Amino acid sequence: MQRKETTSTEHARARLLGHGRARHWLAALLLGLLAGTLGACGAAEIQPLTFEPAAWTDGELSEYRVTDTRGEFVGTLRFAIQQGAAADEWQILREIVGPGTQDSVTVLVQGNGFRPQHADLIRVDSRGEEQIRTVYSGSQADLELTTRQDITTYERISITSDVRDEATVLMLVRALPLAQDYATRVNVFTPILGSMERMTIEVVERETITTEAGEFDSWRVTVEGRDRSLGIEAWVAVDAPHPVVKFIDGRNRGTFELVDFQTGNP
């Protein structure tokens, strides 16, 4: 089928978001993760956004078991991190798999500051494949959206030059100087929504968390936007390489627990 080109992106984005299919568990989880990028302010004093060197190494793999509010298994989440083609780049993959459905987002980020260069989202189910490709360039993001009907649309969106891609946020929290009473803010762009938001990341307390992957001394961190009920609550290991041990999605209360963590090559 010959691919069509159009500048009407609203309908294409509606199709990619499911357009009336939000009851599907995967759509709900993804929208919940996206909703965590919506900006708020906690009690701690906000500190300038600075990152430490990458906590991960080439080939690192994190796998999570996903359960709903009833504790029933609904899918798996996997983060895989690899060195980019250049020594100062990282490729971060986030993949969610459920019955008959798979969503994967691959983002190439700079090694210094982890700003995104480009991102590819692919959603596959029994009805076909959808894609969003994003190229970041200074203060703009160029999007290419392709629906299951093989209709491609293009959109250019103005952003701030300091944005990070939504799919990488949980991994980037690991590179922050987390400590008691720590808080900072970051601008985040979400391609599937075509929007940029200001997020607040705050350390709440220190807790011990146990999952199938083991017991971890962890920082409990909130990642919130304007609507606190839509944020993410995450537990990040105190000790390097600071894996995300567990997190809870604020929109649908889905729980993601680490079941396997493999460090990469030193």
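What percentage of the 266 residues in the protein is made up of buried residues? The share of buried residues is 53%. Please bear in mind throughout that this is a predicted model.

**The whole chain**

Begin with a cartoon view of the protein. Its secondary structure comes to 3 helices and 16 strands.

**The nonpolar core**

In soluble globular proteins, nonpolar side chains tend to be buried together. The largest nonpolar core here has 60 residues. Select Y64, L77, L178, F189, V221 and F247, the members that touch the most other members of this core.

Now centre the view on V221. Leaving aside neighbours within four places in sequence, which residues are in contact with V221? They are V173, L178, I201, E202, V203, I232, E233, A234 and V236.

**Aromatic pairs**

Display the aromatic side chains; the count of aromatic pairs comes to 7. Select W56 and F114, which form a tilted pair, with 5.4 Å from centre to centre and 50 degrees between the planes. This pair links distant parts of the chain, 58 residues apart: W56 is in the loop between α2 (25-35) and β2 (60-67), and F114 is in the loop between β5 (101-110) and β6. Are W56 and F114 buried or exposed? Both are buried.

Move on to Y64 and F247, whose rings form an edge-to-face pair, 5.9 Å centre to centre with 70 degrees between the planes. Y64 lies in strand β2 and F247 in strand β15 (residues 244-249), so this pair ties together parts that are 183 residues apart in sequence. Y64 and F247 are both buried, and both belong to the largest nonpolar core.

Together, F51, W56, W90 and F114 form one aromatic cluster.

**Charges over rings**

Select R206 and W219. R206 lies over the face of W219, at 5.2 Å from the ring centre. Then select K246 and W235, where K246 lies over the face of W235 at 5.2 Å from the ring centre.

Select residues 116-125, which are strand β6, and residues 128-137, which are strand β7. These two strands pair in the antiparallel sense over 8 bridges, and a hairpin joins β6 to β7 through 2 residues.

Two bridges may be picked out. The partner of L121 in β7 is I132, and the partner of R133 in β8 is E144. In the hairpin of β7 and β8, which has 2 residues between the strands, G138 takes a positive phi near 60 degrees.

Stay with L121, which is found in strand β6. L121 has a relative accessible area of 14%, and is therefore buried, since the limit for that term is under 20%. Not counting residues up to four places away in sequence, L121 touches D103, S104, V105, E130, Q131, I132 and I192. The C-alpha atoms of L121 and T134 are separated by 8.5 Å, although these residues are 13 residues apart along the chain.

**T67 in strand β2**

Select T67, a residue of strand β2. T67 is buried, with a relative accessible area of 9%. Beyond residues up to four places away in sequence, T67 touches E72, F73, V74, G254 and T255.

**Backbone details in loops**

Finally, inspect the backbone. Which peptide bond is cis, with omega near 5 degrees? It is the bond from A240 to P241, and P241 is found in the loop between β14 (232-237) and β15.

D150 is not a glycine, yet has a positive phi of about 65 degrees; its place is in the loop between β8 and β9 (151-158). D181, also not a glycine, has a positive phi of about 70 degrees. D181 lies in the loop between α3 (169-173) and β11 (183-190), and at 52% relative accessibility it counts as exposed.

Definitions and conventions:
Residues numbered from 1 in each chain as written. Predicted model: local features only at pLDDT ≥ 70, side-chain atom pairs only at ≥ 80, totals over all residues. Heavy atoms only, no water. Pairing = 2+ DSSP bridges. Helix = DSSP H or I, 4+ residues; strand = E, 2+ residues; numbered from the N terminus. Phe/Tyr/Trp six-rings, centres within 6.5 Å; stacked < 30°, edge-to-face > 60°. Buried < 20%, exposed > 50% of the residue type's maximum accessible area, 1.4 Å probe, protein only. Lys NZ or Arg CZ within 6 Å of the ring centre and 35° of its normal. Core = buried A, V, L, I, M, F, W, Y, C linked by side-chain atoms within 4.5 Å. Contact = heavy atoms within 4.5 Å.
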